[in-house]
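Subject: Structure for your review

Dear colleague,

Please find below the structure that I am handing over to you. My notes on it follow directly after.

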Amino acid sequence: MNKYKIVVCDHIHQSGLDILEKSNDIEYINAADEPKDKLVKEVIVDADVIITRSSTDVDEFLLEHAKNLKAIVRAGVGVDNVDIDGCSKRGIVVMNVPTANTIAAVELTMTHMLSCVRQFPYAHNNLKQDRVWRRQDWYGIELKDKKLGIIGFGNIGSRVGIRAKAFEMDVIAYDPYIDPTKATNLDIKYTTNFDDILECDIITIHTPKTEETIDMIGKEEIAKMKDGVVLINCARGGLYNEEALVEGLKSGKIYMAGIDVFSKEPATNHPLLDLDNVTVTPHLGANTKESQRNIAIQAAENAISAARGVAYPNALNLPIKESELPSFVKPYLELVQKLGNMAAQITKSSVKSIKVISEGEIGEYLDSFATFATVGVLSESLADQINYVNAEYVAKERGIDIQKESINSTSGFKNLLTLKLTTQNGQVIKIKGTVLDESLQRVVEIDDYTLDLEPKGKLILFKNSDEPGVIGSVGTIIAKHNINISDFRLGRNKNSQALAVIKVDEDITKELIEELAKLPACISVKPVIL
């Protein structure tokens, strides 16, 4: 019997190794202690699946040598060390294990919260290391009746909220991408106003690391907080601007901070380590015996399923093989995902339904288009937690209705895709796109505005009343911010309104958007990055 070869590149819990060992159709090699050069050049050359953690970089060098590789399992959540695009081009499935460490991360958050309010590490060190008994130096504060603001109310944030309620805290959740009832059903307040979070006594963040969430808490946000606030981050480094965090801790604006993650790790020389009002841990979110056991078991089981070709749980990409899909369909898959992501960035709201309408011969692949569209919409809020395998499940869990319709072509285009996104507050965004000359993706309509737009780059969507001088004013403001315009597309509707889509070379700043919004003719202005 031919056996599938699975190579474990980094150390995982013995429970996972035992599962691999007991599988009769699996040839398993534990190469965690092999030198990386030998691992890549000799051990994995004929591997069907590899299991990695953070110590092995799945880069071009590795992929060039792993000629037989079908799948990669990242034993954990983060895939920063995996070249996902490179894997996709080679038809290699990339999977992670996103939920095995949920409870560990939740409990670490509560540990930091309690350590901060009672200054536990410092009191401990004062007695154990300094041998000083001074109870009067260590008056803390209680969690009871304190207002806790939770940013991001997914698997981890919601469980933190449940535990905080057990401490009789007043909990409020901010997550524009969930159904508010997910919070209110737990007797937790829900807000769409971020300033409500900034008024809390304690703030904890549990979001993926995306363009939207990097530096989500900075100098401006800290200034709005109440004096003596406590900040917790056990999610991702960089969600709090670290310079602003240090400044706030030094000034006393921030009473204490509990930090498990840093922008650059290992962080052995970080300024936060010099402060006396910080509890720090070296990225221990998944470091429990139970978590490591769960991660190893799930990683081993996923690797076996992938090797056998049975399933690809928690796949972060989708291998597209030339022989299995007509070449003309592939650009439409990418296009509809972009349409979904574009709509999500425009709305920035909890989604009620996603509808994909196809016109032309591409209708045969409508199910795939719906999956890609869902990934595009939800990736704006979930980043690498959403994938082509779990998209339908995640949408159902969030109460999102996925709709599909194939109609005869009435638009004049040979093939056309329409993405219609409806939010919980009733807002509807409709974007149409097609592919020209087999590969040129184009957005041809946004709501009722006809355009010819390449869905790529840094875009500003500026909707305004159609009157003289608006374009000049917009250009002047953008130039004032030292931003270069590389393309400008304009569409009009029947209601004397216009939509300009402005492509720029530099980053779109919050200040620019705020200034454009103040123009008298402005109806709305949204940044979109594709």
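The largest nonpolar core of this predicted model has 45 residues, and M342, F369, I431, I446 and L461 touch the most other members. A nonpolar core is a set of buried Ala, Val, Leu, Ile, Met, Phe, Trp, Tyr and Cys residues joined through side-chain atoms within 4.5 Å; buried means under 20% relative accessible area, exposed over 50%, and partly exposed in between, with a 1.4 Å probe and protein chains only. Helix α13 supplies the largest share of this core, 9 residues. Helices (H or I, at least four residues) and strands (E, at least two) are DSSP runs, numbered from the N terminus. Apart from this core lies another, of 30 residues, including Y174, C200, L239 and Y240.

I446 is in contact (heavy atoms within 4.5 Å) with M342, K430, I431, L451, L461, L499 and V501, not counting residues up to four places away in sequence.

As to conventions, residues are numbered from 1 along each chain as its sequence is written. Because the model is predicted, local features need pLDDT of at least 70 and side-chain atom pairs count only at pLDDT 80 or more, while totals for chains, interfaces and linings use all residues; side-chain values use heavy atoms, with hydrogens and water left out.

How many aromatic pairs does a search of the whole structure find? The search finds 1. Rings of Phe, Tyr and Trp (its six-membered ring) pair if their centres lie within 6.5 Å; planes under 30 degrees apart count as stacked, over 60 as edge-to-face and the rest as tilted. Y174 and F194 form an edge-to-face pair, with 5.0 Å from centre to centre and 65 degrees between the planes. Y174 belongs to strand β7 (residues 170–174) and F194 to helix α9 (residues 194–198), so the pair links parts of the chain 20 residues apart. Y174 counts as buried because its relative accessibility is 14%, and F194 counts as buried because its value is 16%.

In strand β5 (residues 93–96), V93 and M95 point one way and V94 and N96 the other, and all are buried. In a regular strand the side chains alternate between the two faces of the sheet.

Finally, S350 is found in the loop between α13 (330–347) and β13 (351–359). S350 is buried because its relative accessible area is 7%.

Yours sincerely
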